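This report describes selected local features of one protein model.

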Amino acid sequence: MTTLTTGTPTPTPSVGIAHTRVEGRDKVTGAARYAGEIPFADLAHGWLVLSTVARGRIRSIETATVLAMPGVLGVLDHRNALRLETDYAGLMGSKPDPTCAVFQHDRVPHLGWPVALVVAETSEQAREAAEALVVHYEQEPHDVDFTGERPDAYPLDSHVPAVTEKGDLDAELAASAVVVDAEYTTPEEHHSPMEPHAATARWDGGRLDVVDSNQGATWVVGELASLFSLDPGSVRVRSEHVGGGFGSKGVRAHQVAAVMAATVLRRPVRVVLTRRQMFSLAGYRSPTAQRVRLGADADGRLRALEHRSLSLTSTVHEFIEPSAGVARVMYDADAHHTANRVVRLDVPTPTWMRAPGEAPGSFALEAALDELAEKCGIDPIELRLRNEPDKGPVSGLPFSGRHLPACLREGARRFGWADRDPRPGVRKDGRRLLGTGMAAASFHAGAMPSTATVTAHANGTFTVRIAAADIGTGARTALTLVAADALGVLPERVRVRIGDSDFGPAMIAGGSMGTRSWSWAVTAAAGELRDRLALSGDIPPEGITVRSDTTEAIGALAPAERHSFGAQFAEVAVDVDTGEVRVRRMLGIFAAGRIVNPLTARGQFVGGMIWGISMALHEEAVRDRAFGGHVGADLAGYHVATHADVPHIEAEWIDDPDPGDPVGIKGIGEVGIVGAAAAVANAVWHATGVRHRSLPIRPDRVIQAGAPRA
Ligand code: MOS
C-alpha cells in the first residue's frame with residue numbers, strides 16, 4: 001500500500017497553458033504507428049477493385065486468371081461474399097450508406113463503386129492482380145449533372161429540418177428599401193486527410209479485432225457489429241494515431257471488406273485505400289447551388305432573409321449538406337425562410353466534411369451580407385452589429401453566450417479595419433489590386449454522452465482511458481490537461497490512453513464535440529476519484545479505478561442556442577493580368593468556449609482558416625459528364641492550399657467559458673473554416689469591384705470577370 005495525496009498543494013492549472021503534444025515526439029520520430037503500418041504475423045493484403053462505369057450491372061468477373069497470379073489468395077465479389085445485415089439504425093439514427101455493405105448485389109450505382117476485393121500475400125501482388133481483374137458490365141446511361149435547376153430536387157430533413165419558414169417573405173421583400181438576390185455555387189470538395197483510410201481485421205480468440213484509422217472506435221464497432229450480426233462486445237476497434245479525418249473516417253467499404261476477407265481466409269487482412277480510391281470511397285462535400293435573398297430597410301435592418309440550398313446525394317443513400325442552416329443562427333428578419341434540398345445522381349454518397357452545411361452556407365450568406373452592406377452604404381461590420389439577434393432567430397431559444405459583437409470589434413481593431421476605404425478597386429500595389437474583406441462565423445456547440453475511467457496508481461500517477469480519437473486535433477493532449485486539473489496534479493503524472501473501443505462507449509471526434517464530450521466524462525471520473533482518494537489515500541497495487549458515464553448529465557442540459565462564434569478578416573492582392581488571387585494576411589477572432597490548449601487550439605483555428613483559403617481559391621473536384629468520374633482524382637489534379645498559398649495567419653480568441661459545461665468548453669474543430677471563404681471572396685470584391693459568386697475564384701474566372709471598375 002502506498003499513500004497518495006492528490007491536489008495538495010494544488011499545482012498551477014494546466015488548462016489554458018500551451019502544451020506540446022504528448023505524442024509529438026513519437027510522431028516526429030516515426031515511432032507512432034498508423035493503421036496501415038502496424039505489423040501482424042501472417043498478414044494478407046486486400047486491394048479493392050472499383051467499377052469503371054457510372055451505372056449498370058456487373059455481367060461477369062473473370063476471376064480465374066487472377067487467382068492464378070503470384071501470391072493471390074482469393075477474390076471476393078457479390079457472388080461469394082458474406083451476406084450483411086443492412087437494415088439497422090446507425091449513427092444519429094440513419095441507415096448505413098450501402099457503399100459500406102460491399103459486394104451484396106450486382107448493381108453499380110456510380111463510378112468507383114467497390115465490385116471486388118483481391119487478397120494476396122503482399123500488397124504489391126494484391127494490387128497487380130486487382131488491376132488485372134477483368135470485370136464486364138452492362139452499362140446504363142448515367143446522370144451526374146448537378147445544376148441549380150434540377151426539377152427532381154426535393155427537401156430532405158437531416159439532423160436539422162429541411163425547411164424553416166417564418167413570416168411573409170414576398171411582402172417583406174416588397175417593403176424593403178434595399179434587396180439583394182444572388183446565386184452562389186460551391187464545387188465538390190474532398191477531405192484529403194494526409195493519412196489514407198486503412199484497416200486491418202483479424203479474428204482473435206473469438207473476437208473481431210480491427211486496427212483502423214477512424215474518428216470514433218465506438219462508432220465503427222457499432223456499424224461492424226450490425227453489418228456482420230455480431231455482439232458489439234465481440235468486436236474491438238483500435239485507432240491509436242489518426243492522420244486526419246475531417247468527417248471522412250467513419251465506416252467505409254475498406255473496413256468491411258477487410259473483415260469479410262479475414263473471416264473467409266482466417267488470417268489477418270489489411271485493406272488500404274489509395275488517394276485515387278478515396279475520391280470515390282471516402283465521401284466528400286457535395287457541390288452546392290444556393291440562392292440568398294435579403295431585404296432591408298435603408299439602415300440595413302433585415303426585413304427579409306431567404307436562404308435556399310441545393311446539394312446532391314447518391315442513388316443509394318440520402319445525405320444532405322444543410323447549407324441553408326447557418327442563417328437560422330446568425331441573423332433574424334421579419335420574414336425568415338430557409339430550405340435545404342437535394343437531388344439524387346449517379347455519384348458516390350457525400351458525407352460530413354468539416355463544418356457540413358456551415359462551410360458552403362456561410363460563403364453564400366456572408367457574401368450576400370457583404371453585397372447588402374455595399375448597397376446600403378453601410379460598413380459590413382456595422383451591418384452585422386445592427387442585425388444581432390437577442391434570441392435564436394428560428395428557435396426563439398436564448399443563446400448560451402453569443403459574443404459575436406466582441407469578436408467583430410476586436411477583429412476590426414487588430415486588423416486595422418477603421419482605416420479601410422469602403423470603395424472597391426482603389427488600392428494598388430504595383431499592378432496588383434488590394435482589398436480587404438470580412439465575414440462572421442458560427443458553429444454549433446454540443447456535447448454527447450461518453451464514458452471514461454480514471455485509475456490512480458500506487459506510484460502516484462494516473463491513467464485515463466477513453467475511446468476518444470485524436471485525428472490530429474491535439475485531443476489526447478487536451479484531455480491530459482483536463483484530467484490533470486480535475487485531479488489537481490501536474491500533467492506529467494497523467495497518462496491518457498485513447499483509441500480503443502474496449503475503454504467503453506464515447507463520442508466520435510466530430511461535430512466539434514469530441515474534446516468537450518470526452519472532457520466532461522474525464523472530469524466526472526477524475527472528480528469522483530479525487531473524492532475517493534480524499535477519504536482514503538491508500539492505493540492497492542492494482543490501483544483504484546473510477547468510471548463515469550455522462551449520459552444523464554448531458555440529457556439534463558437545458559435547451560438553448562449553443563454555438564461558437566467568430567469574425568474572419570482577409571486581405572488579398574489580385575493580379576488582374578494573370579487572374580491570380582493571393583491572400584496576404586488573415587485574422588480570425590473566435591469566441592469558442594474555454595480554450596484548453598492554446599497551442600493546438602490555434603492550430604485548429606488556423607487549419608480551418610487555411611481550408612477557407614483553399615476553398616475560396618483552389619479546391620474543386622471536377623466530374624466528367626461523359627464518363628461520370630473525376631478528372632484528376634489525385635492531389636495534383638485536386639489542388640489543396642500548400643505552404644506557398646498560405647500567408648501569415650493570426651487566430652486569437654476572447655474569453656468565453658461555457659456556463660453549461662464542467663470545463664467551460666464549447667468546441668473549436670469547425671468554426672475556423674466557417675466564413676473564411678466569404679472573407680476572402682469579399683476581399684476580392686473590394687480589390688476588384690467584381691463579385692465572384694462561384695468558388696473557387698480561379699484565375700480564369702478573375703480574367704473572365706472583365707476589367708475592374710477602378
Ligand atoms: Mo466532422 S465533419 O464533424 O468530422
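## Selected features of the model

Ser-158 sits in the loop between strand S8 (154-155) and strand S9 (163-166). The model is predicted. Ser-158 counts as partly exposed, because its relative accessibility is 33%. Leaving aside residues up to four places away in sequence, Ser-158 touches Ile-320 and Pro-322. Ile-471 is 313 residues from Ser-158 in sequence and 25 Å from it in space, C-alpha to C-alpha.

Asp-346 lies in the loop between strand S17 (335-344) and helix H9 (358-376). With a relative accessible area of 5%, Asp-346 is buried. Its side chain makes a polar contact of 2.8 Å with the side chain of Arg-55 and reaches the backbone nitrogen of Asp-143 at 2.7 Å. Residues touched by Asp-346 include Pro-109, His-110, Val-144 and Thr-315.

Helix H11 (residues 404-415) has twelve residues and spans 16 Å from its first C-alpha to its last, close to the 16 Å expected at 1.5 Å a residue. Its buried residues are Leu-404, Pro-405, Cys-407, Leu-408, Gly-411, Ala-412 and Phe-415. They lie on the same side of H11, because they cover an arc of only 160° around the axis. Arg-409 and Arg-413, on the other side of H11, are exposed. The buried residues of H11 pack against helix H8 (327-330), helix H10 (380-386), strand S19 (432-444), strand S25 (563-575) and strand S26 (580-591). Just after H11, Gly-416 takes a positive phi of about 80°.

A search of the whole structure finds 51 salt bridges. Three of them are tabulated here.

| Asp-334 | Arg-301 | 3.3 Å |

Asp-334 is in the loop between H8 and S17, and Arg-301 is in the loop between strand S15 (288-296) and strand S16 (302-313), 33 residues apart. Asp-334 is partly exposed at 36% relative accessibility, and Arg-301 is partly exposed at 35%.

Glu-371 lies in helix H9 and Arg-693 in the loop between helix H16 (676-688) and helix H17 (699-704), so this pair ties together parts 322 residues apart in sequence. Glu-371 is buried, with a relative accessible area of 7%, whereas Arg-693 is partly exposed at 31%.

Glu-652 in strand S29 (residues 648-653) and Arg-602 in helix H15 (residues 598-617) are 50 residues apart. Glu-652 is partly exposed, with a relative accessible area of 23%, and Arg-602 is partly exposed at 31%. Salt bridges that share partners join Glu-172, Asp-297, Arg-301, Arg-303 and Asp-334 into one network.

Methods
Residues are numbered from 1 along each chain as its sequence is written. This is a predicted model: local features need pLDDT of at least 70, side-chain atom pairs count only at pLDDT 80 or more; totals for chains, interfaces and linings use all residues. Side-chain values use heavy atoms; hydrogens and water are left out. Helices (H or I, at least four residues) and strands (E, at least two) are DSSP runs, numbered from the N terminus. The expected span of a helix is 1.5 Å times one less than its number of residues. Buried means under 20% relative accessible area, exposed over 50%, partly exposed in between (1.4 Å probe, protein chains only). The arc is that of the directions from the helix axis to the C-beta atoms. Contact means heavy atoms within 4.5 Å. A polar contact is a pair of N or O atoms within 3.5 Å; within protein, one must be able to donate a hydrogen and the other to accept it, and residues adjacent in sequence count only if both atoms are side-chain atoms. A salt bridge is a side-chain nitrogen of Lys or Arg within 4 Å of a carboxyl oxygen of Asp or Glu.
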